[in-house]
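This report describes selected features of one protein model. The sequence and the structure are shown first, and the description follows.

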Amino acid sequence: MSGETSSDDLQRQRRNRLDCRNRPALAISEFQPEDRLYFSFDQSLVDDEATVKTEALRLPDFSCNWSRFSLPEDVRFRRGGRITDGCAAIQVEDVRYEGFANAVHDPICDEEPQNYSHVEVRQVPPGGDLQSEPPRRFKKGSKAKRNAWRRHIRNRLTILLHPTA
């Protein structure tokens, strides 16, 4: 069994990555434009072009994992996650497309499984800026802008793990 990693070892490594361990949430300024955000999707959210449908990009408060603290497969082990889920990645600079949305570090520390890497992509209110934390559950403004943002994300994302049936 030399060179192999047991499922117990993998689970321990995942917990070590994702457990909060009294680490604080980080400020918006800590995100780098090239940081990746991982999100899950299932087979029903794959279109005829074998990419993620725009409907999978849900606002407000689109949940992702921050690559600084997570691996792509970790999205499968969140609350409600399935081992058959796929994983796609988007970059923070794409989330900030035309100042429409921003990434907010929002660790889940008060429930199991903990997820220190948890990020919410939140819509920026009119007059807001990318230096301030957008409010939760904000979903107002132009539907056309929201759809343009979704199309941009869809065109820029990378599928890292394909969902299985």
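## Helix 3

Helix 3 spans residues 143-156; its 14 residues reach 20 Å from the first C-alpha to the last, close to the 20 Å expected at 1.5 Å a residue. The expected span is 1.5 Å times one less than the number of residues. Helices (H or I, at least four residues) and strands (E, at least two) are DSSP runs, numbered from the N terminus. The model is predicted: local features need pLDDT of at least 70 and side-chain atom pairs count only at pLDDT 80 or more, whereas totals for chains, interfaces and linings use all residues. Residues are numbered from 1 along each chain as its sequence is written, and side-chain values use heavy atoms, with hydrogens and water left out.

Arg-146, Trp-149, Arg-150, His-152, Ile-153 and Arg-154 of helix 3 are buried. Buried means under 20% relative accessible area, exposed over 50%, and partly exposed in between (1.4 Å probe, protein chains only). These buried residues pack against strand 3 (86-91), helix 2 (92-95), strand 4 (101-105) and strand 5 (118-123); contact means heavy atoms within 4.5 Å. At the start of helix 3, Ser-142 brings a side-chain oxygen to within 3.2 Å of the backbone nitrogen of Ala-144.

## Thr-51

Thr-51 is placed in the loop between strand 1 and strand 2. Its relative accessibility is 14%, so Thr-51 counts as buried. Leaving aside residues up to four places away in sequence, Thr-51 touches Leu-45, Val-46, Arg-154, Leu-157 and Ile-159. Arg-154 is also one of the buried residues of helix 3.

## Strand pairing

Strand 2 (residues 62-66) is mostly covered, with 4 of its 5 residues buried. Two strands pair if DSSP finds at least two bridges between them. Strand 2 pairs in the antiparallel sense with strand 1 (residues 36-41) over 2 bridges, and in the antiparallel sense with strand 5 over 4 bridges. Asn-65 of strand 2 stands opposite Tyr-38 and also opposite His-118 in strand 5.

## Aromatic rings

The whole structure contains 6 aromatic pairs. The ring centres of Phe-39 and Phe-41 are 6.4 Å apart and the planes lie at 55°, so this pair is tilted. Rings of Phe, Tyr and Trp (its six-membered ring) pair if their centres lie within 6.5 Å; planes under 30 degrees apart count as stacked, over 60 as edge-to-face and the rest as tilted. Phe-39 and Phe-41 are both buried.

One aromatic cluster is formed by Phe-31, Trp-66, Phe-69 and Tyr-116. Arg-23 lies over the face of Tyr-116, 3.9 Å from the ring centre.

Note on methods: A polar contact is a pair of N or O atoms within 3.5 Å; within protein, one must be able to donate a hydrogen and the other to accept it, and residues adjacent in sequence count only if both atoms are side-chain atoms. A charge sits over a ring if NZ of Lys or CZ of Arg is within 6 Å of the ring centre and within 35 degrees of the ring normal.
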